[in-house]
Amino acid sequence: MPLQLFNTLSGKVEEFHPLEDDLVRMYACGPTVYDYGHIGNFRTFIVVDTLRRFLKQSGYKLKHVMNITDVDDKIIRNAAALGVSVQDYTKKYKQAFLEDADALNIQHPEFLVNATDHIQEMAHFIAGLVEKGYAYRTDDGSYYFRIAKFPEYGKLSKKDFAGMNDGARVDVDEYDKDNARDFALWKAPKPGEAQWETEIGPGRPGWHIECSQMSMKYLGESFDIHAGGEDLIFPHHENEIAQSEALTGKPFVHVWVHARFLLVEGEKMAKSAGNFFTVRDLILMGHKPSSIRFLLMSVPYRKQLNFTFDGLTQAANSVERLRNFKLRLQTSQFADGGNVIIAEIAERTSAEMRAGLDDDLNTARALGAVFDMVRDVNAAADAGEVRKANVPQLLRVLEEFEEIFAVLKDDDAAKVRATVEWAKTEGLENKISPQTAELAKAAALSDADVEQLVAEHSQARKTRDFARSDAIRAQLAENGIILENTKDGVRWRRK
Ligand code: AMP
Ligand code: ZN
């Protein structure tokens, strides 16, 4: 069964096929780098990452573009307040975005592009719209898109704009959700604002033109998938369609994918409500990046994800359960031979995981399949029914799982440590919780260091040098490493 995706444009779940052979061309709206990204932003970026990873696992080649919005009203305002250039201001937050994406194991797109590197091409795009009569210049040197010239306006957001006021204008990038207005393509220079000299005069681009120009530059006039959070449907994506289709006369995007907005403890996230969290906030409170990723992935993208701290604790337990299961497979001694029932469980789980993701990226269904496998195989292992030949079969299923979910590899400690270092350089020591400090410690020893100490520990026990073995155990514990005695010998894990 091929991938089924809900297309906001058609309002239906559709079978996905790329426009060109096995190449998928995909654009996802990226961050506006005026601050650290919050968990709502990363919910959407993780949805895009899930789609990206699953397309690759399904055998497609991928050309994925993400923009960085590094000039907009908020950026200009904040940079001016600090008396720094737009470039200096955004540099820090671009870097922070990449670090947070890495912490959450979000893969980099093939093209990560800055708006400010494409200003001349955006101006050229607008010149093309003027030539075709879709854009007009106002006295101050700004340019607007004439919505009345594009009768299909509203087709994505399913809004009926008949009877709208021709020529009514708005120059902010986000506007009243039920009102169509001619929107700004280009903003005339204002004193103290960043501006560029271009073929259509001085000024700076509006937000919407950015995504039209950069997506078509890298992906062509018509491409497969365009994704973002549901708040972008109107006006941002509606405007992108208008600009792009007006210029080319061709359908802009085949499938529009929108992630539902995340709530925090049942409420809309807002700084004023005190329920606003960045990825860094959560790490400094003592939560692992893998727990955050797991929680943000566990709810299918069209369902409302209600982020709660109970949910985060449950996510941590789920990741722990999966990691322990993998460790058990890797470190236990199983009897020779293979058990066909276990082999069947592995095969069924792999198929059901894929079927779940094919089903409009139903991550909950895929997770259900994996946890069923963990429960059944753990029970079989307790009863001595798992055989040596089953181990690679089961590990292969976990590998397929990891290609999408990316939570099994245990590098949390190193990531937490990096966040702690950052907090120190920002003077935020008082925000580092004791749990975070404890977790960061576990990164002080590399895997090789630990292996070495574990071997010495076993040797000391063999020679009955208990003073030495106890000292090593204490040293490991001090660094967040737990030694466990199992019937198959000693194994270790990070806290
Ligand atoms: P921004 O940095 O504001 O341009 O947003 C970057 C991405 O995050 C966009 O795709 C938004 O739709 C998305 N986004 C913002 N807030 C939330 C939220 N609460 N839940 C899910 N996605 C969000
Ligand atoms: Zn965009």
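**Notes on the predicted model**

1. Strand S14 (residues 262-264) is joined to S15 by 2 bridges, and the two run antiparallel. Within this pairing, Val264 stands opposite Glu267 in S15. H1 packs on the sheet and touches S14 and S16, with its direction at about 145° to that of S14. Axes are lines fitted to C-alpha atoms, for helices over the stretch in contact, and angles run from 0 to 180 degrees between N-to-C directions. Helices (H or I, at least four residues) and strands (E, at least two) are DSSP runs, numbered from the N terminus.

2. The sheet is open and has 3 strands in the order S15-S14-S16, with mixed pairing. Its edge strands are S15 (267-268) and S16 (305-307), each of which pairs on one side only. Two strands pair if DSSP finds at least two bridges between them.

3. On conventions: this is a predicted model, in which local features need pLDDT of at least 70 and side-chain atom pairs count only at pLDDT 80 or more, while totals for chains, interfaces and linings use all residues. Residues are numbered from 1 along each chain as its sequence is written, chains are lettered from A and ligands numbered from 1 in the order in which they are written, and side-chain values use heavy atoms, with hydrogens and water left out.

4. Cys211 in helix H5 (residues 207-219) and His236 in helix H6 (residues 233-248) are 25 residues apart and link distant parts of the chain.

5. Cys211 is buried, at 0% relative accessibility, and His236 is buried at 0%. Buried means under 20% relative accessible area, exposed over 50%, partly exposed in between (1.4 Å probe, protein chains only).

6. Arg53 is located in helix H1 (residues 39-57) and is buried, at 10% relative accessibility. Its side chain reaches the backbone oxygen of Asn105 at 2.8 Å. Apart from neighbours within four places in sequence, the contacts of Arg53 (heavy atoms within 4.5 Å) include Arg293, Glu402 and Glu403.

7. The whole structure holds 35 salt bridges, each being a side-chain nitrogen of Lys or Arg within 4 Å of a carboxyl oxygen of Asp or Glu. A network of salt bridges links Asp73, Lys187, Glu193 and Arg204.

8. Asp281 and Lys431 form a salt bridge with their closest N and O atoms 3.3 Å apart. Because Asp281 lies in helix H7 (residues 279-284) and Lys431 in the loop between helix H13 (412-425) and helix H14 (434-441), the pair ties together parts that are 150 residues apart in sequence. Asp281 is buried, with a relative accessible area of 19%, whereas Lys431 is partly exposed at 42%.

9. Arg323 and Asp412 meet through their side chains in a salt bridge (3.0 Å, N to O). Arg323 lies in helix H9 (residues 309-331) and Asp412 in helix H13, so the pair ties together parts that are 89 residues apart in sequence. Arg323 counts as buried at 11% relative accessibility, as does Asp412 at 2%.

Notes: Polar contact = N/O pair within 3.5 Å; in protein donor to acceptor, adjacent residues only side chain to side chain.
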